[in-house]
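Here are my notes for a first look at this model. Have the sequence and the 3D view open while you read.

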Amino acid sequence: MSADPHLKSPFRDARTPAEVAARHREIDALADGLRRANPDACGLPVDIHELADGAGVEVRVRGGPQERFYPYRGRLLYLDDRPVVELSLAEDPLRRRLVLAHALGHHMLGHGAVPPETGVTLSAHSPWRVEQEATHFALELLMPDFAVYRLMNQGIVSARKLAQKFSVPESVLQERLQVLERKCGYL
């Protein structure tokens, strides 16, 4: 009899739901700690560049007129052991905020060298655990659950208006609401 083919699949997560929830709490605490260490960056929308600077991460833009074919949405590099995030100018500015927060998540979570960011890696539904964790960090950093709930309690319930408040694409706000729905069971 052959072994279960799903055991080697990158889509299978061998962690229990309790282990996943515990890891998410760790990631949430890490994002909260970064915000608390940089309180000037924590209005709405969160100043992701200031948070990156506070974490010791250099941010560079790539893909301008002299470099039209920069192939990535962004990427995390370590140059002389110093973290550097490259962001593509071809990306929408709201999407660049997510890419930066995601790459910052990789750094803060100690993932080390990871492949450059693509559409597949920038989702909580990515098949790779490190990408799921970096996305979870990014969503929590840019749209803290307490801020989402506070705005909703103030009557701002449209996804479009919430996305504007957080300066994120509406699709990213929808993904955050799905995460909060799973976490709390209501929204």
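1. Start with the overall layout. The chain holds seven helices and three strands, and read from the N terminus they come in the order α-α-β-β-β-α-α-α-α-α. Helices (H or I, at least four residues) and strands (E, at least two) are DSSP runs, numbered from the N terminus. Of the 187 residues in the chain, 44% are buried; buried means under 20% relative accessible area, exposed over 50%, and partly exposed in between, with a 1.4 Å probe and protein chains only.

2. A word on what you are looking at. This is a predicted model, where local features need pLDDT of at least 70 and side-chain atom pairs count only at pLDDT 80 or more, while totals for chains, interfaces and linings use all residues. Residues are numbered from 1 along each chain as its sequence is written, and side-chain values use heavy atoms, with hydrogens and water left out.

3. How confident is the predictor? pLDDT is its confidence in each residue, from 0 to 100. The chain has a mean pLDDT of 87, with 88% of its residues at 70 or more. Helix H2 (residues 48–54) has the highest confidence, at 97, and helix H7 (residues 170–184) the lowest, at a mean of 87. Take care with residues 1–12, where pLDDT stays under 50 and the model has five contacts beyond four places in sequence. Where pLDDT is low, the predicted coordinates should not be read in detail.

4. Contacts deserve a look too. Contact means heavy atoms within 4.5 Å. Counting contacts between residues at least 6 apart in sequence, 64% join residues at least 24 apart.

5. Now find Arg35, in helix H1. Arg35 is buried because its relative accessibility is 5%. A polar atom of its side chain lies 2.9 Å from the backbone oxygen of Glu140. Beyond neighbours within four places in sequence, Arg35 is in contact with Cys42, Leu51, Glu140, Leu141, Pro144 and Phe146.

6. Asp145 belongs to helix H5 and is buried, at a relative accessible area of 18%. Setting aside neighbours within four places in sequence, Asp145 is in contact with Glu140, Arg176, Leu180 and Lys183.

7. Which residues lie nearest the centre of the second largest pocket? They are Cys42, Pro144, Phe146, Ala147 and Arg150, out of 13 lining residues. On a 1 Å grid over the protein atoms alone, a pocket is an open set of points where a 1.4 Å probe fits, with protein on both sides within 12 Å along at least five of seven lines; lining residues have an atom within 4 Å of a point. H1 (17–37) and H5 (145–153) each supply at least two lining residues, and H5 gives the largest share, four residues.

8. Glu170 sits in helix H7 and is partly exposed, at 37%. Its C-alpha atom is 5.9 Å from that of Arg160, 10 residues apart along the chain. Ala159, Arg160 and Ala163 are in contact with Glu170, leaving aside neighbours within four places in sequence.

9. Finally, some backbone details to check. The peptide bond from Leu44 to Pro45 is cis, with omega near -5°, and Pro45 lies in the loop between H1 and H2. In the loop between strand S2 (74–79) and strand S3 (82–88) you will find Asp80, with phi near 50°, a positive value in a residue other than glycine. Asp81 is in the loop between S2 and S3, and its phi is positive, about 65°. Asp80 is exposed at 79% relative accessibility, and Asp81 is exposed at 74%.

Terms used: pLDDT is the predictor's confidence in each residue, from 0 to 100. A polar contact is a pair of N or O atoms within 3.5 Å; within protein, one must be able to donate a hydrogen and the other to accept it, and residues adjacent in sequence count only if both atoms are side-chain atoms.
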